[in-house]
Amino acid sequence: ERESDIGAWAYIARENALRQVANLQSDGERSSLRGIPVAIKDIIATYDMPTEHGSPIYRGDIPSSDATCVAMLRRAGAIVLGKTVTPEFAAVTPGRTVNPHNFKHTPGGSSSGSAAAVADYMVPIAIGSQTVGSTIRPASYCGVVGFMPSHQILPVHGLKTQAGSLDNLGLLTRSVADVTLVANAILGCDALHAQPLTHAPRIGFCPSPHWPQAQDSTRRVMDDAIALLRGAGATVETVELPARFDAALDAHWTILAFEFARALAYEYNEHFDKLSPKLVTLLERGFAISFADYSEACALGVERRAEIAPIIDKYDVLLTPAAAGEAPEGIFAPSDLLFQRFWTFLHVPAITLPGFVGPNGLPIGIQLIGPHLRDSKLLSAAAWVERTIQERYSN
């Protein structure tokens with residue numbers, strides 16, 4: 001009923017979903033996501049419905065097999081309700097999706113349809129991706145939980161490659177517990193846990209090198225979050241990163257552009273006329289990057305990932321902005337990229353939690369960062385923070 005307003009879906013598998021439900025009702029089996037509807041970002045392969053990547057090149061194209069994450073969700077009993085809108089190849093040209101909280105504002109990209117579908121209560125779970133900020137940013141803008149795991153611990157096979165050394169799966173839900181449920185279903189084992197901490201956590205507030213670009217609304221939200229967490233007993237200390245981390249964004253951009261150009265070489269060569277001018281410009285910049293510059297950026301990534309590990313290990317979790325501010329007005333408005341891709345580049349797990357609003361009444365999330373490959377530690381701290389935020393409303 002709301003889809004004509006929100007524009008979250010690229011394809012709705014109505015009849016197929018009803019058949020899946022009928023089959024579940026007759027088989028009697030139990031599974032962790034039995035009968036739960038999920039939405040899949042339209043750069044992720046599904047064997048029984050189109051996967052169009054937000055591009056006319058792939059209009060009506062149906063892959064021969066599911067992406068690994070989709071196959072595992074089906075194995076867990078989930079009902080794939082359809083594919084959600086994404087910008088062209090999850091990049092620069094937005095789709096038609098609006099922010100459910102205010103139709104005049106962007107939902108954020110590139111998991112725009114996935115975030116909007118969860119925020120508007122169309123589905124409880126949606127799968128997105130993140131190479132820059134494509135899960136954390138729309139989750140913040142739309143007021144839902146967004147989770148980016150440690151780099152590729154959730155399988156990315158069947159995800160349209162953007163930059164292989166940065167691509168990651170993303171989960172959008174309405175609770176930390178649901179993040180854990182879905183992640184374990186995709187992994188096929190009880191690997192991640194999110195039991196709230198029994199002690200008040202030690203939190204490092206890390207504004208990151210891009211704090212000067214934070215809008216006043218985000219600065220106020222961070223102040224409110226710190227006061228709330230301290231009031232609940234948490235220790236919150238400011239973490240200043242060494243100046244050498246300032247070069248991380250330039251390195252991320254170099255890697256992204258170099259790898260993205262090569263990932264879309266076929267589309268550039270054979271379907272140039274069907275690519276948007278903005279995407280063509282991005283790809284041509286990527287083709288022009290030298291291998292020496294690319295290698296240097298990759299080496300810097302290895303160095304900074306090693307350096308960030310002992311910094312994070314001093315705390316239960318780091319607290320940092322999820323976005324520069326509220327969702328800007330206009331569905332084609334540019335979204336900020338600073339406060340997500342810094343952590344994507346470092347390969348650490350990140351989660352954004354809702355519960356705060358800006359001056360226009362739109363959501364602003366807070367972002368929590370955990371140590372690489374210790375996603376359960378992040379999720380447990382996030383569950384404690386989530387409960388603290390919820391208790392504020394209940395009181």
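Modeller: Of the contacts (heavy atoms within 4.5 Å) in the protein chain with a separation of 6 or more, 77% are between residues 24 or more positions apart. Bear in mind that this is a predicted model, where local features need pLDDT of at least 70, side-chain atom pairs count only at pLDDT 80 or more, and totals for chains, interfaces and linings use all residues. Numbering runs from 1 along each chain as its sequence is written, and side-chain values use heavy atoms, leaving out hydrogens and water.

Buried residues (under 20% relative accessible area with a 1.4 Å probe, protein chains only) make up 58% of the 395 in the protein chain. On to the core itself, meaning a set of buried Ala, Val, Leu, Ile, Met, Phe, Trp, Tyr and Cys residues joined through side-chain atoms within 4.5 Å. The largest one has 63 residues, and those with the most contacts inside it are Ile-44, Ile-127, Ile-351 and Ile-366. Helix 13 (residues 375-394) gives the most to this core, 8 residues in total; helices here are DSSP runs of H or I, at least four residues, numbered from the N terminus.

Now zoom in on Ile-127. Setting aside neighbours within four places in sequence, its contacts include Ala-39, Ile-40, Ile-44, Cys-69, Leu-73, Leu-169, Val-182 and Ile-186. Lys-41, Ser-114 and Gly-170 are also among the residues that Ile-127 touches.

Methods. Buried means under 20% relative accessible area, exposed over 50%, partly exposed in between (1.4 Å probe, protein chains only). Helices (H or I, at least four residues) and strands (E, at least two) are DSSP runs, numbered from the N terminus.
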